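Subject: Structure for you, with notes

Hello,

Here is the structure I promised to pass on. Please open it beside this email and follow along.

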Amino acid sequence: MADPNPFLPISQPLHPTYTSLPDGTHPSGSPATHSLPSKKLLLGIFFGFLLVFLFVALIGDHNGSQQNILSQEDENVASLASPKETAKPETLRPISRGVSAGVSEKASLISSGSESSTDQYPWNNSMLSWQRTAFHFQPEKNWMNDPNGPLYYKGWYHFFYQYNPHAAVWGDIVWGHAVSRDLIRWLHLPLAMVADQWYDQNGVWTGSATILPDGKIVMLYTGSTNESVQVQNLAYPADPSDPLLLDWIKYSGNPVLVPPHGIDTKDFRDPTTAWYTSEGKWRISIGSKVGKTGIALIYDTEDFINYKLQPQALHGVPGTGMWECVDFYPVSRNGEHGLDTSANGPEVKHVVKASLDDDRHDYYALGTYSELNSTWTPDNPDIDVGIGLRYDYGIFYASKTFYDQNKGRRVLWGWIGESDSEVADVKKGWASLQGIPRTVSLDTKTGSNLLQWPVEEVESLRLRSNEFDKVEVKPGSVVPLNLDAATQLDIIAEFELDKKVLENAAESNEEFNCKTSKGAAHRNALGPFGLLVLADDSLAEQTPVYFYVTKGRNGTLKTFFCTDQSRSSAANDVNKQTYGNFVPVLEGENFTLRILVDHSIIESFAQGGRTTITSRVYPTRAIYGRAKLFLFNNAIKANVTASLKIWQMNSAFIRPYPNTR
Amino acid sequence: MFSVAQSDANMISQTCKQTPYYNLCVSCLSSDPRSFKADVRGLALIMVNIVKAKATMSLHFINQLIQRRPGLKKPLSYCADNYDAILTADIPEAVEALQKGDPKFAQDGANDAANEADLCEANFHGKSPLTKFNKVVHDTSATASAIVQQLL
């Protein structure tokens with residue numbers, strides 16, 4: 001049985017071989033304490049070649065003979081799969097292509113909903129500086145993308161991130177670093193890692209931390225080498241007694257992993273946190289693709305230096321393309337508490353998550369992990385990874401969880417990009433946010449999805465509150481909510497639909513989809529109803545966040561949760577789509593939502609976090625003191641009764657850590 | 001033995017078939033001798049370089065026009081901002097992303113470049129002196145985006 005605390009070089013003196021060699025040759029010398037795996041590497045590549053083909057074949061068989069395993073489903077629980085998402089794993093997903101349909105949020109801004117071709121919006125400094133958030137993590141300037149290596153250590157939460165020190169656009173990527181006591185009030189620290197080795201010269205890319213049982217930290221991350229090959233590298237704190245973990249050492253024998261045979265040199269990135277197997281090995285996953293099949297490769301290691309590629313991938317789904325930022329973790333079947341990444345047993349389900357390069361969305365699926373052959377099987381193959389549920393139906397990518405051993409919870413970070421034009425980003429000098437960290441747990445009521453909820457520490461930012469009890473909102477009406485301000489809010493709301501109208505409403509076979517609908521203008525007898533966020537007095541600018549209820553055959557109600565950006569701004573260079581998805585509303589439940597408003601970001605959570613939508617909005621009028629909040633009900637028939645509690649939110653005063661060099 | 005020239009022309013044709021402006025794609029790529037030995041990533045880089053050349057020409061023209069048409073100073077200066085964003089942000093991002101192996105950011109850059117050209121054009125309410133320039137930048141950017149899509 002291997003030592004669960006594998007030997008790791010602790011602090012080593014800096015050494016001339018750390019500088020990158022101009023001709024790209026690998027430094028061959030290494031301290032005598034660990035062996036160079038060169039022979040093993042060659043053998044590994046040879047067997048890897050065979051094994052890649054073996055497991056691709058096995059995936060094929062695996063999917064073919066897959067039983068449709070449904071987890072405990074209550075009769076009253078409507079299926080989570082909306083019409084769009086019941087595609088079979090074999091068919092190619094209808095992925096939008098090119099500029100006209102738009103893969104990235106920046107695609108086709110002109111044609112996505114703005115009707116009048118107005119002057120280019122004259123963004124002024126007042127409008128642009130309003131866009132900066134008060135309590136969301138963002139560096140002081142420039143570009144950020146993926147969250148990296150989140151962890152808790154010696155009293156501090158650490159957050160690392162992909163950062164461009166030179167521009168407000170992706171490029172020259174290095175690791176930024178910040179610390180916090182509470183996941184909310186962050187203090188910026190100096191860069192943790194820069195591109196100073198041949199093996200990460202073209203990018204110090206995404207990675208994850210593993211905390212060993214003895215407290216040592218192992219960081220694995222992807223480097224893009226001087227020849228743009230994607231490799232995995234090992235790094236660790238220079239001084240484990242420094243709670244700020246300011247300095248990091250890159251293992252002198254890097255890279256520890258190179259692309260195996262059969263895997264393209266540019267399809268091998270984003271190593272996960274490791275989990276410990278009952279055989280005494282550590283196991284990690286790295287996303288990739290074979291043809292158009294996205295897969296999660298598995299490697300076993302005892303020392304984080306030598307690795308063995310496992311014959312079978314953890315899982316793969318045809319047609320989903322490259323799997324970036326793979327995440328794999330256990331959730332408890334019984335409750336909200338989080339589980340260490342190595343937890344396993346009958347009380348545990350496992351989540352596989354992938355960020356799809358093809359459509360820039362994060363997908364997850366629940367299933368069962370078999371440690372024996374290191375494979376995972378989805379509970380419901382119809383909503384397998386990449387073709388089923390998303391963490392968030394707005395902008396939310398490259399997300400990563402970590403187990404917070406301080407509070408016994410699993411916490412999710414997600415990168416929230418911009419959806420305005422580059423010209424605005426260049427003007428304002430920054431781009432991207434992180435979402436408010438969320439706890440993740442199994443929804444024990446439905447059993448078939450996760451729940452996400454902002455970490456409780458965000459509530460410490462709450463200042464004064466306003467309560468509105470049972471406000472009646474008649475069909476086709478808008479009710480202003482009298483607040484001091486409306487740009488930094490925490491809103492909790494509950495809605496009740498007119499029961500009589502609900503019962504008597506006609507059945508329809510409407511196939512609703514937030515994205516293809518007319519947004520908040522799309523009405524039926526029962527809705528939409530919700531809130532108009534960041535609206536100005538004249539309602540020329542508004543961002544509706546709302547429920548839309550349909551009544552299908554047999555009287556079954558189906559509820560959708562959407563955010564409509566079509567009128568979010570008078571500017572014509574911002575995304576104006578409507579985001580959203582189906583949300584399960586169980587027997588006896590009212591419609592509940594929570595919205596965090598923080599300047600140019602709106603994060604919405606329906607039914608306790610069953611469906612979430614993150615939106616970036618850039619109003620030109622509904623800013624500062626002119627921003628307002630309204631209740632609305634655009635139903636044709638039904639009255640809606642709303643009860644709300646709304647807090648003004650304080651700033652988190654995110655700033656540089658005092659006195660660090 | 002197969003004809004190398006034929007299979008390379010085939011590669012260009014196959015790649016361009018998956019883009020919205022086939023003829024433009026073929027003529028642009030064929031005009032660069034490196035394209036005959038390039039893989040899809042190489043073709044994407046060539047196309048991005050063409051966008052850069054077109055955008056540079058456009059910005060040059062805009063700067064000249066600003067002097068000659070003082071009545072159009074406002075929309076022209078917005079256009080200068082658009083093209084500045086293309087040249088200082090979108091193109092470098094696309095080139096770096098393609099070279100370093102994270103193509104989705106190249107697609108972001110190409111998509112944004114097309115949008116910036118559209119935004120510039122929209123400023124003139126139909127009476128644009130830059131239509132030809134904006135169209136070529138839009139179309140070559142859209143082509144670059146579609147080529148990058150094939151790498152994802």
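Below are my notes, chain by chain, ending with a few backbone details.

Please keep one thing in mind: this is a predicted model.

Chain B

I start with chain B. DSSP gives chain B six helices and zero strands. Along the sequence the pattern reads α-α-α-α-α-α.

How does the radius of gyration of chain B agree with that of a compact globule? For 152 residues, such a globule would come out near 15 Å. Chain B has 16 Å, so the two agree. The C-alpha trace of chain B spans about 65 × 25 × 20 Å along its principal axes. Keep both descriptions in view when you turn the model.

Burial in chain B stands at 55% of the 152 residues. Now the contacts in chain B with a separation of 6 or more: 69% of them come from residues 24 or more positions apart. Chain B exposes about 6600 Å², and carbon and sulfur atoms supply 58% of that area.

The charges of chain B are quick to state. There are 15 positive and 15 negative side chains. The centres of the two sets lie 8 Å apart.

Chain A

Chain A has five helices and 36 strands. Of its 661 residues, 62% count as buried. In chain A, 68% of the contacts with a separation of 6 or more link residues 24 or more positions apart. The accessible surface of chain A comes to about 24100 Å². Carbon and sulfur atoms account for 53% of that surface.

One sheet in chain A

Strands of a sheet pair through backbone hydrogen bonds, either parallel or antiparallel. Look at one open sheet in chain A, built from six strands in the order β20-β1-β2-β3-β4-β36. Its pairing is mixed. Which strands stand at the edges? They are β20 (430-431) and β36 (655-656) of chain A. Each has a single partner strand, so one side of each is left without a neighbour in the sheet.

Within this sheet, β1 (residues 142-153) and β2 (residues 156-164) of chain A run antiparallel. Seven bridges join β1 to β2. To find the pairing on screen, go to L151(A): its bridge partner in β2(A) is H158(A).

Backbone details in chain A

Two cis peptide bonds are worth a look. One joins N254(A) and P255(A), with omega about 0 degrees. P255(A) sits in the loop between β8 (248-250) and β9 (275-276) of chain A. Another joins G527(A) and P528(A), where omega is about 10 degrees. P528(A) lies in the loop between α5 (499-504) and β27 (529-535) of chain A.

Then there are two positive phi values. Q607(A), a residue other than glycine, has phi near 50 degrees. Q607(A) belongs to the loop between β32 (601-606) and β33 (611-616) of chain A. F653(A) is also not a glycine, and its phi is near 50 degrees. F653(A) is in the loop between β35 (640-649) and β36 of chain A.

Is each of these residues buried or exposed? The relative accessible area of Q607(A) is 7%, under the 20% cut-off, so Q607(A) is buried. F653(A) has 52%, over the 50% cut-off, so F653(A) is exposed.

Best wishes

Definitions and conventions
Residues numbered from 1 in each chain as written. Chains lettered and ligands numbered in written order. Predicted model: local features only at pLDDT ≥ 70, side-chain atom pairs only at ≥ 80, totals over all residues. Heavy atoms only, no water. Helix = DSSP H or I, 4+ residues; strand = E, 2+ residues; numbered from the N terminus. Rg over C-alpha atoms; globule rule 2.2 N^0.38 Å. Buried < 20%, exposed > 50% of the residue type's maximum accessible area, 1.4 Å probe, protein only. Contact = heavy atoms within 4.5 Å. Areas by Shrake-Rupley, 256 points an atom, 1.4 Å probe, with all protein chains shown as cover. Lys, Arg positive; Asp, Glu negative; His and termini not counted. Charge placed at Lys NZ, Arg CZ, Asp CG, Glu CD. Pairing = 2+ DSSP bridges.
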